[in-house]
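Here is a briefing on helices, nonpolar cores and aromatic contacts. Keep the sequence and the model at hand while reading.

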Amino acid sequence: MATVAVPKFHKNFINGEWVEARSGRSFEDRNPANFSELVGIFPASTQQDVNDAVDAAKWAFAKWRLMPAPRRAEILYRAAEILVKRKEDLARDMTREMGKPLSETRGDVQEAIDMTYYMAGEGRRLFGQTVPSELPNKSAMSVRDPLGVVGLITPWNFPMAIPSWKIMPALICGNTVVIKPAEDTPLSTHNLVQILIEAGLPVGVVNVVYGMGPESGAPLVAHEDVAAVSFTGSTETGRFVSQACAPSFKPCHLEMGGKNIIIVMDDANLELAIEGAVWGGFGTSGQRCTAASRVAVHKKVYREFLDRFAQRVRSLRIGDGLDPETEIGPLINETQLQTVMKYVEIGKSELARLVVGGHRAESGNLAKGWFHEPTIFADVHPAMRIAQEEIFGPVVALLPFDSFDEALDIANQVKYGLSASIYTRDVNQAYRAMRDLETGIVYVNAPTIGAEIQLPFGGTKNTGNGATARLERPPSTSTPNGRRSISTTQTACSVRRSIPPITADRKNRFVGLDVFFCFRDL
Ligand code: NAD
C-alpha cells in the first residue's frame with residue numbers, strides 16, 4: 001500500500017506558496033507511541049508570518065466571495081473525493097502523530113470526508129429569506145454574506161475532523177481562512193490543506209501557519225483584519241481568546257473543555273451501559289472533549305456494575321495505534337502524561353478507591369511512548385477534584401447515587417456542560433434527563449461520545465458559547481422599495497461542527513439494544 005509522501009521538513013502555506021517561518025525557527029512533531037520517531041519538522045511561526053497569511057487571505061477574499069457558491073462547492077466536492085481515496089494513508093499519518101488507534105483515526109478522516117461532502121451540498125442551499133413587509137410597496141429579504149478572513153485555532157485530539165469542521169463551512173460561505181493547528185498534530189492539517197490545493201482552491205483562500213499558541217495563535221486572534229475567530233481547545237485558552245476578541249467585538253466561537261457523565265439507572269441494560277462506559281471513558285485514551293470521565297451508578301446495581309466494568313477495562317489492550325490489536329493508544333505528550341499521573345495522586349489523596357490501573361504503562365515497547373493504564377476510581381464523592389476537573393486522560397470516576405434526582409444533581413454540579421448520557425428503560429426518566437441535564441448534548445442508552453455532523457453540537461457553561469451545527473442565520477434587515485438588503489452576519493463564520501459520527505469504523509462498538517440519541521438544540 002502506498003503511503004502519503006511526507007517530506008520531513010514542512011513549511012507554512014501562505015498566498016499559495018510553501019514558505020519558511022520568518023524567524024527561521026522550527027519545532028518537531030513526534031510519535032507519542034514511540035517518541036524516538038520524528039514524524040516531521042514544522043515552522044515555528046510568529047506575528048510576521050501571521051500578518052503575511054492574513055494579508056493573503058484578505059486579498060483572496062475579494063474574489064472568493066464573488067465566486068458562486070455552487071462553484072466553490074465543486075472544489076469542496078473534489079477535495080472530498082481525494083480524501084476518500086487517501087483515507088487509509090491519512091489515518092496512518094494521523095495515528096503516527098497523535099497516537100489513537102487506526103480504527104479511530106479512520107473515523108476522524110471519515111468525519112472530514114462527511115463534512116466536506118456536506119458543505120459541498122450546502123453550496124446549493126445557502127438560502128436567504130423573503131419576508132412580508134408591514135408597509136405597502138416594500139419588499140423585504142435577506143441574503144447570506146461572508147464575514148471576510150476568519151482565524152481558526154484547533155486542538156490535537158481530532159487532528160483532521162476539527163480543522164474540517166471549521167474550514168469547510170467557512171469556505172462554502174465565501175470566507176477565506178487562516179488556520180493555526182495544534183503544535184502536536186500539524187501533519188494532519190498539512191495533509192488536509194494539500195488536498196484542498198489539489199482540488200483547485202484558488203491562491204490565498206486557505207493559509208496555514210504552524211507554531212505555538214502564544215506566538216502564532218494569539219496574533220491571529222488579535223489581528224484587526226481577522227473578522228471572526230473559531231477556537232477549539234481548553235477552557236483556559238478559550239478564555240484568553242474570548243478576552244482578546246472582546247475589545248473589537250469580534251465574533252468568537254468557542255468549543256472548550258468537558259466533564260461529561262454517564263448515569264446508569266437501576267433498570268439499565270448493564271451490558272450496554274458497561275460498553276458505553278468503556279468506550280466513552282477510555283476511547284482516544286480519554287482525550288475527548290466528550291469523554292465520560294464520570295460514571296454515576298445507582299446503588300442497587302453499583303457493585304455488579306463496578307465488578308464487570310473493572311474486569312472489562314483490565315482486558316483492554318494498550319499499544320501502538322498502528323497495531324490492529326490495539327484498543328488504547330498513548331497520551332499525546334509527556335505533559336499530558338504528567339497531568340494524568342498528577343490526577344491519580346490527587347484521587348488517592350482524596351481517598352477515592354483506586355480499583356484499576358493508576359500507573360504509567362511502560363512494559364516492553366510501551367516504555368518508548370507516553371502510555372498510561374486505563375484507570376478507575378470507585379466510591380468517588382462529587383466534590384472531589386477528580387470528579388470536578390477535566391483530566392483529559394484514561395481516568396474514570398465512579399460515583400454511587402440513591403435516586404434519579406441525586407444523579408441529576410451530581411451531573412449538573414460541574415462547571416462544564418458539553419455531553420451527558422443516561423442508561424435507563426424508563427421513558428419518563430429518559431425525557432426528564434433530556435430536559436434537566438445542563439449539557440448541550442444528551443444521549444439515551446448510548447455513551448457521551450459519537451455525534452453526527454448534520455446534528456447540532458455545542459456546550460453550555462464553561463464548555464462553549466453555543467451550538468453552531470447549522471448554517472441558519474440571524475434575522476434580516478430590509479430596505480424599502482424592494483432593493484436588495486444585505487444583512488451580513490454569519491455567526492462565527494458559520495462554523496458547523498460536531499464530534500465524529502459513528503462511522504462504519506467504530507459502529508460495532510456501540511451496537512446494542514435500544515440505542516437512540518437526543519440532541520438538545522441550544
Ligand atoms: P489548548 O487550549 O492547549 O490548545 C488549543 C489550541 O490553542 C492549540 O492550537 C494551541 O496552540 C492554541 N493556543 C494555545 N495558547 C494560545 C493563545 N494564547 N492564543 C491563541 N491560541 C492558543 O488545548 P489542547 O490541549 O490542544 O486540546 C485539549 C482541550 O481541547 C481539552 O480541554 C478539550 O476538552 C478541548 N476540546 C474541546 C472540544 C469541543 O468541541 N468542546 C473538542 C476537542 C477538544
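Helix H3 spans residues 87–98 in this predicted model. Its twelve residues reach 16 Å from first C-alpha to last, close to the 16 Å expected at 1.5 Å a residue. Ten of the twelve are buried, so H3 is largely enclosed by the rest of the structure.

- The buried set in H3 holds Lys87, Asp89, Leu90, Ala91, Asp93, Met94, Thr95, Arg96, Glu97 and Met98.
- Two strands are among the elements that cover these residues: E3 (26–31) and E4.
- The cover also includes helices H2 (69–85), H4 (102–122) and H6 (186–198).
- Gly99 follows H3, and its phi is positive, near 100 degrees.

**Helix H1**

- H1 takes in residues 47–64, which makes 18 residues.
- From its first C-alpha to its last, H1 reaches 25 Å, close to the 26 Å expected at 1.5 Å a residue.
- Buried in H1 are Asp49, Val50, Ala53, Val54, Ala56, Ala57, Ala60, Phe61 and Trp64.
- Viewed down the axis of H1, the buried residues fall within an arc of 165 degrees, so they line one face of the helix.
- An α-helix has 3.6 residues a turn, so residues three or four places apart point the same way.

**Val54, a residue of H1**

- Val54 sits in helix H1.
- Its relative accessibility is 0%, so Val54 counts as buried.
- Which residues does Val54 touch, not counting residues up to four places away in sequence? They are Val149, Val178, Leu220, His223, Asp225 and Val226.
- Val54 and Val150 are 96 residues apart along the chain, yet 8.9 Å separates their C-alpha atoms.

**Nonpolar cores**

- The largest nonpolar core has 56 residues.
- Ile167, Leu171, Val177 and Val206 have the most contacts inside this core.
- Helix H5 (residues 161–172) gives the most to the core, with eight residues.
- Leaving aside neighbours within four places in sequence, Val206 is in contact with Phe13, Ile167, Leu171, Val177, Val193, Leu196 and Leu201.
- A second, separate core has 35 residues, including Leu399, Phe401, Met434 and Val444.

**Aromatic pairs**

- The model has ten aromatic pairs.
- Phe35 and Trp370 form a tilted pair, with 4.3 Å centre to centre and 35 degrees between the planes.
- Phe35 lies in strand E4 (residues 34–43), and Trp370 lies in the loop between strands E14 (353–356) and E15 (375–378), so the pair ties together parts that are 335 residues apart in sequence.
- Trp370 counts as buried because its value is 15%.
- Phe27, Phe42 and Tyr210 form one aromatic cluster.

**Charges over rings**

- Arg72 lies over the face of Trp64, at 5.9 Å from the ring centre.
- Trp64 is also one of the buried residues of H1.
- Lys100 lies over the face of Phe158, at 4.0 Å from the ring centre.

Methods:
Residues numbered from 1 in each chain as written. Predicted model: local features only at pLDDT ≥ 70, side-chain atom pairs only at ≥ 80, totals over all residues. Heavy atoms only, no water. Helix = DSSP H or I, 4+ residues; strand = E, 2+ residues; numbered from the N terminus. Expected span 1.5 Å × (residues − 1). Buried < 20%, exposed > 50% of the residue type's maximum accessible area, 1.4 Å probe, protein only. Arc of directions from axis to C-beta. Phe/Tyr/Trp six-rings, centres within 6.5 Å; stacked < 30°, edge-to-face > 60°. Lys NZ or Arg CZ within 6 Å of the ring centre and 35° of its normal. Core = buried A, V, L, I, M, F, W, Y, C linked by side-chain atoms within 4.5 Å. Contact = heavy atoms within 4.5 Å.
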